[in-house]
Amino acid sequence: MSVAALQRVADRFPEAVVQGYTLHGDETLVIAREHLLEVARFCKEDPELDLKLPLSVTCVDYIDEKPRFELVYTLYSITKKHRLRLKVRVPEEDPEVASTISVWRGMDWWERYCWDMYGIRFSGRGPMRRLWLYEEFEGHPLRKDYPLRGRQPLLPEADVQDIYRGPGPGPGSPPASRSNPPRPSQLPIVK
Amino acid sequence: MSQDFQAITTRREEAQGFFERMISRGLGWARKYSLFTYPYATACCGMEYMSVSGARYDISRFGAEFPRFSPRQADLLMVIGTINLKQAPILKRVYEQMAEPKWVVAFGVCASSGGFYDNYAVLQGIDRIIPVDVYIPGCPPRPEQVLDALILLQEKIAAQNHKLVDHRPPAPEAVRPAGRDLVTGAMK
Amino acid sequence: MPEKHDNLETAPAENPLEAHLPTRTMSINMGPSHPASHGTVRFNIELDGETIVRVDPEIGFLHRGFEKSCENVTWTQCLPYTDRLNYVSALCNNFGFLTAVEKLAGIEIPERAKYIRTIGAELHRICDHLTCTGAMGMELGGFAPFLLAIEARELVWDRTTELTGARVTTSFGRIGGVERDLPEGWVEKVKATLRKVEEFRRDIDTLLTHNRLFIDRTRDTGVMSAEDAVDFGFTGPMLRASGVDYDVRKAHPYWVYDRVDFHVPVGTRGDNFDRYYVRMQEIEQSIRIILQCFEQMEPGPTIIDDWRFVLPPKPHVYSTIEGVIGHFKLIMEGIKIPKGEVYSYTESPNGELGWYLVSDGSGRPYKVHCRAPGIQLVSGLEHMVKGSLLPDLIPTFDAINMIGGEVEQ
C-alpha cells in the first residue's frame with residue numbers, strides 16, 4: 001500500500017481526481033467518470049505504478065445517495081507490491097462507463113457481473129451479456145430495491161408449501177431498506 | 001434388513017398372481033442391487049458424493065458403483081447439490097431423457113428444499129419439477145447418511161411392482177403451475 | 001505435437017488434392033451436467049475437426065445469491081454462506097472473511113488464534129490440492145490417483161471434524177478469533193495423519209508425475225505466458241506455474257506466515273503439467289508449515305475478550321445483567337462493525353481470495369464482495385485452449401480447479 005502511488009496519479013490527472021484517502025491501510029482514489037480509461041491506462045503503463053494485475057471490479061448501490069452507484073476497481077502491482085483502489089460514481093439515470101478491458105483483459109467477466117447484478121453498462125465492448133443469471137431474467141438483483149425472493153422461474157413449478165422461510169424479509173413484504181431494516185431470525189409460518 | 005412389503009390390495013390391476021410376484025421380486029432384487037447412478041453434481045454435496053464413492057464409504061458394495069454420465073444408460077438420478085433456476089430446465093430435460101424404470105434421490109437440503117438459499121436464484125427443492133423418491137437431508141449429509149438413504153431406496157425398489165413388460169404410462173410430472181407473483185414472491 | 005491453426009483458410013497446398021477443403025465449423029455444447037465440467041459449466045465450443053476455434057464458457061448454473069443473502073443477515077450469519085463458496089477448502093474462505101471483518105473493525109486477534117487459523121487453512125489447502133490432482137488424474141483416465149487422493153482427504157477431514165465439527169462446510173472461527181481451542185491429543189493425531197498424507201502424496205506422485213500418458217496429455221497444453229496470465233488477473237498456482245512468483249503469504253504476510261519457513265514453488269512453462277506439479281509441491285510445503293506451527297504455538301486465549309464483538313462466556317450470560325444484554329444485542333442486532341470499507345486478501349488454494357466489505361455501522365453488512373480467484377481463471381480459458389485439440393480442454397479445465405461455488409457465488 002503506498003501513498004506515493006496515490007500522489008502520482010493525482011499529480012498526473014489533477015482534473016480527474018475528486019478525492020483520495022487512506023482507510024484501514026487501503027489507498028483509494030475517487031475519480032470522475034469521464035477520465036476512467038486514461039487513468040486506468042496510466043496505472044497500468046506507468047513504470048512507477050505498474051498496476052498490471054486486475055483484481056476485480058465491483059459495484060456498491062448507495063440507494064439513498066446521488067449518484068447512486070459506485071464502481072470500485074481494485075488493482076495490484078506484482079513488482080511494486082502495492083494496491084490501489086479506484087472508485088467511480090455512476091448515476092442511476094445514465095449507468096454507463098467506459099470499459100477497461102482494452103487495458104486489462106481480466107476485467108471482462110467482472111464487468112459482465114456488474115451489468116448482470118447492477119445494470120451498469122460498459123461502453124466499447126459490444127452488447128453486455130449476463131454472467132450469472134439467464135438472459136430471460138428481468139431486473140438486476142443486487143440493487144437494493146430488488147426483493148430478495150424475487151424468483152423468476154423458467155419452468156412451471158409444483159405447488160409445494162413452504163413452512164419455513166430462510167433469513168431475510170418474507171414474501172409479500174416490502175424489500176429491506178435503510179428505513180425498514182429486516183429483523184433477524186424471522187420464522188414466520190407461511191400459510 | 002429388507003422387509004418384504006406384501007401390500008394387501010383389492011384393486012384388480014394391482015393384484016399379482018404367484019408367478020408375477022416371483023418375477024417382480026426377482027426384477028426388484030436385480031434392479032436394486034445394480035443401480036447405475038447419474039450423479040448430477042453441482043455443489044458442495046459433490047464432495048460428499050466423492051467420499052461416498054471413494055474407498056472408505058464404498059458405495060460399490062451396494063452395487064451402485066458405476067456412474068453413468070448419460071441419462072439413457074442410468075436409472076438412478078442423484079441430484080447432488082443446489083439446483084438454481086437456470087439449471088432447472090436442464091435437470092428436467094435430463095430426467096425426461098432417462099428411460100423407465102428410474103428413481104430420483106435428492107441429495108442434500110438444497111436439492112430437497114432449497115436449503116438456506118431462499119432467494120431469487122435458487123429452486124426451492126427439485127420436487128417442484130421432478131418427482132423424488134428419497135430425500136437426504138444434511139448440508140452436506142454425512143456419507144453414512146447417504147448409504148442409509150441408498151438402503152432405503154433399495155427397500156422401496158424391492159417393494160415396487162416390477163413387470164417384465166410394462167405398459168404403464170411414465171411417471172407423472174410433478175407440476176401444477178404455482179400461483180406466485182414473480183416479483184414479490186407472494187402467492188397470487 | 002498438434003499444430004495450431006490460427007488461420008484456417010491459408011493452409012499450404014502443394015497440389016489440388018491436398019488443398020484445404022472448404023468446411024464449416026461445428027458447434028457443440030459440453031453441457032452443464034458433465035463429469036469433466038465439475039458439474040456446472042457449459043462450454044459452447046466451435047470446432048474445426050477436432051481443433052478448437054472458439055470456446056465460450058457459460059457459467060451461472062450454481063449462482064446462489066451469496067451477496068444478496070449476506071446483505072440480509074448479520075455478520076456472523078454470513079459465515080455459513082462463505083463456507084459454501086470454495087467448498088473444497090471451506091476454512092480458507094471462513095478465515096479470509098473473518099480477517100476482512102476484523103480489519104474493518106480494527107481488531108487484533110490473539111496469537112493462538114492466528115496459529116489455529118494458519119493450521120486450519122493449510123489443512124484445507126492440502127485437501128483442495130489433493131482433490132484437484134486426484135480429479136485431474138481421474139479425468140485423464142487414471143482412477144487410482146483419485147481414490148488415493150480421496151482417502152488422504154478423508155484422513156485430513158477426520159482431523160478437521162474433530163476440530164470444527166463438520167467435514168466439508170466447517171463455519172469455524174468467529175469475529176475476534178476462533179471459538180474453540182484445539183481438542184486434547186489433536187496435535188499428535190494430526191502429526192500421524194500428515195505422515196500418512198505424505199505417503200499418499202508420494203503414491204500419487206509415483207503414479208502421475210513420470211507417467212508417459214499423463215505427461216503427453218499435460219505437457220505443453222493450455223499454455224499461458226506470464227504476461228498474459230498477469231493481464232488476465234490470474235493468481236495462485238495458475239500464475240505461479242506460468243513463472244510469476246506471487247504468493248500473498250510471502251508478499252504480504254498475514255497471521256503467522258512471516259514466522260514459518262516455507263518455499264513457494266514456481267513453474268517455468270505455464271502448461272498443465274507445471275500447474276499440477278506446483279500443487280503437489282504445495283502440499284509438501286503445507287505439511288511443513290503445519291508442523292512448524294505446532295512447535296511454535298503457545299497456550300493462550302483463542303478469542304478476544306471484547307463483548308462488543310464476541311459473545312460473553314456463558315457463566316456471565318446466566319448470572320450478570322451485562323452478560324445478558326451483551327449476548328442479546330449481539331444475537332438480535334448483530335455485531336456492530338464500524339462504518340467503512342476494506343479490501344482484505346488471503347491466499348486461498350486457487351489464488352488470491354479478496355474480500356471487499358462495506359459496512360454502514362449496523363449489525364448487517366452493506367456489501368460483501370468476494371473476489372473469487374476462479375472467475376478470471378475461467379475467463380482465461382479461451383486464451384489457453386484456442387487452437388489446440390478438444391481433448392486438451394479437459395486437463396486445462398481441471399488444472400484451473402474451478403470451484404463452482406466461488407466462481408458463481
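Student: What makes up domain 1 and domain 2 of chain C?

Tutor: In this predicted model, domain 1 of chain C covers 66-106 + 109-303 + 338-408, and domain 2 covers 306-337. Such bounds come from an automatic or database domain assignment. The C-alpha centres of the two domains of chain C lie 33 Å apart. Their contact takes 16 residues from domain 1 and 8 residues from domain 2, where contact means C-beta atoms, placed from the backbone, within 7 Å.

Student: How are the residues numbered and the chains lettered, and which pLDDT do local features need?

Tutor: Residues are numbered from 1 along each chain as its sequence is written, while chains are lettered from A and ligands numbered from 1 in the order in which they are written. Local features need pLDDT of at least 70 and side-chain atom pairs count only at pLDDT 80 or more, but totals for chains, interfaces and linings use all residues.

Student: Which residues of α2(B) and α5(B) meet?

Tutor: B:E48, B:S51 and B:V52 in α2(B) meet B:P143, B:V146 and B:L147 in α5(B).

Student: How do you know that β1(B) and β2(B) pair?

Tutor: Pairing needs at least two bridges found by DSSP. Here 5 bridges join β1(B) to β2 (residues 76-80) of chain B, and the two strands run parallel. For example, B:A41 has B:I80 as its bridge partner. Strands are DSSP runs of E with at least two residues, helices are runs of H or I with at least four, and both are numbered from the N terminus.

Student: What makes β1 and β4 of chain B edge strands?

Tutor: The open sheet has 4 strands in the order β1-β2-β3-β4 (chain B). β1 (37-41) and β4 (134-136) each pair on one side only.

Student: How many bridges join β2(C) to β3(C), and do they run parallel or antiparallel?

Tutor: There are 7 bridges between β2(C) and β3 (residues 51-58) of chain C, and the strands run antiparallel. C:R42 stands opposite C:E58 in this pair.

Methods: Two residues are in contact if their C-beta atoms, placed from the backbone, lie within 7 Å.
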